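Work through the exercises below with the structure in view. Each task is followed by a solution in steps.

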Amino acid sequence: MKPLEQLTRPNIWRLSPYSSARNEYSGKVARVFLDANENPYNKPFNRYPDPLQEEVKKRLSKVKGIPAESIFLGNGSDEAIDLMYRCFCQPGIDNVVAMEPTYGMYKVCADINDVEYRPVLLDENYQITAEKLLNACDQNTKIIWICSPNNPTGNSIHRKEIEKVVEEFEGLVVIDEAYSDFSMQKPMRYEVAKHPNLIVFNTMSKAWGCAAIRLGMAFASKEIIQLFNKVKYPYNINQLTQEQAIELLDNPYDVEKWVGMLLLERKRLIEAFKMLPICEKVYPTDANFFLAKMTDAQTIYNYLVDKGIIVRNRTRVSLCLNCLRVTIGTKSENNELLAALRQY
């Protein structure tokens, strides 16, 4: 890996971050708050939230097995995606490399930040080799994006290929593990301490059932987390989100139960799809969704919409012609979907 200073945008490396009122007395016990121009009434919503979410990170550290100082919390994983560009990529100069197809926000954020985005096509099994990804890089490549399990394909990328990219690339490698709770593959977050160029994303939107609170996380070296904290908005995670996260993190067994039920339903739903005359193939998945190749995805999608059932039509995505992406719902929701498709 190149020195972190060389990978960071010079203006960000030199940046003096905004110091919020809550930062300045950190570690002290306070009773009277007259520092942040807050209204003293309407408790508890009148006060600004903890800018570094220390209590949430303590809970999260126990659950995820990562030191609190190696955790960044963002307004969804999308904030962390955007911060990667803002911290490390010089607009109009640097580039990033990613698999294709994959999660669309990597490219959207690249376009917003005026950074060249280099997609590398997956093979017919939706896999990629380290060689292909590394061959797409040049001296201005700052980031390689790997989503595993991948969205929209659902499969995990071969771990040996991921490890080879992390070991050989001189820039930063982001492994987006939004769906890792549904996979049997060991999460890459446990490798962060060994690889200073590795950043691993996770979220509370999927297995944790908290898409509404918009809480994403990044695991990385303390130095990279410090850069994120320099650039993020001062109070990026609101108080309601922090409180809900703490409540759920204190009951992780609920999540294990939900995941178990979803995995059973995933197996049942996939087997049922394979028996549908309008389904040509169901691709392997390690996520809480699967990709199915249909006889006519657009027409079937429109038919389901008319029935009030919404899946995701991915037919216009690379390598996904006539494919629908189906999220695993409750047993009754899945039964309603199957009943509609059997009547198609």
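Helices here are DSSP runs of H or I with at least four residues, numbered from the N terminus. The model is a predicted one.

**Exercise 1.** Find the helix that holds Met84, and decide whether Met84 is buried or exposed.

Solution. Step 1: Met84 lies in helix 5. Step 2: The relative accessible area of Met84 is 0%. Step 3: Buried means under 20%, so Met84 is buried.

**Exercise 2.** Describe how helix 5 and helix 9 are placed relative to each other.

Solution. Step 1: Helix 5 covers residues 77-88 and helix 9 covers residues 222-231. Step 2: Their axes come within 10 Å and cross at roughly 95 degrees. Step 3: Angles of 65 to 115 degrees count as roughly perpendicular, so helix 5 is roughly perpendicular to helix 9. Step 4: Helix 5 contributes Leu83, Met84, Arg86, Cys87 and Phe88 to the contact, while helix 9 contributes Ile224, Leu227, Phe228 and Val231. Step 5: Sorted by class, this contact has eight nonpolar residues, no polar ones and one charged residue.

**Exercise 3.** Which residues of the largest nonpolar core touch the most other members?

Solution. Step 1: The largest nonpolar core has 86 residues. Step 2: Met84, Tyr85, Trp145 and Ile146 touch the most other members. Step 3: Helix 5 supplies the largest share of this core, seven residues. Step 4: Leaving out residues up to four places away in sequence, Met84 touches Cys89, Ile143, Trp145, Leu172, Val174, Ile199, Phe201 and Phe228. Step 5: A second, separate core has 24 residues, among them Ile278, Cys279, Leu324 and Ile328.

Conventions
Residues numbered from 1 in each chain as written. Predicted model: local features only at pLDDT ≥ 70, side-chain atom pairs only at ≥ 80, totals over all residues. Heavy atoms only, no water. Axes fitted to C-alpha atoms, helices over the stretch in contact; angles between N-to-C directions. Helix = DSSP H or I, 4+ residues; strand = E, 2+ residues; numbered from the N terminus. Parallel < 35°, antiparallel > 145°, perpendicular 65-115°, else oblique. Contact = heavy atoms within 4.5 Å. Nonpolar A, V, L, I, M, F, W, Y, C, P; charged D, E, K, R; others polar. Buried < 20%, exposed > 50% of the residue type's maximum accessible area, 1.4 Å probe, protein only. Core = buried A, V, L, I, M, F, W, Y, C linked by side-chain atoms within 4.5 Å.
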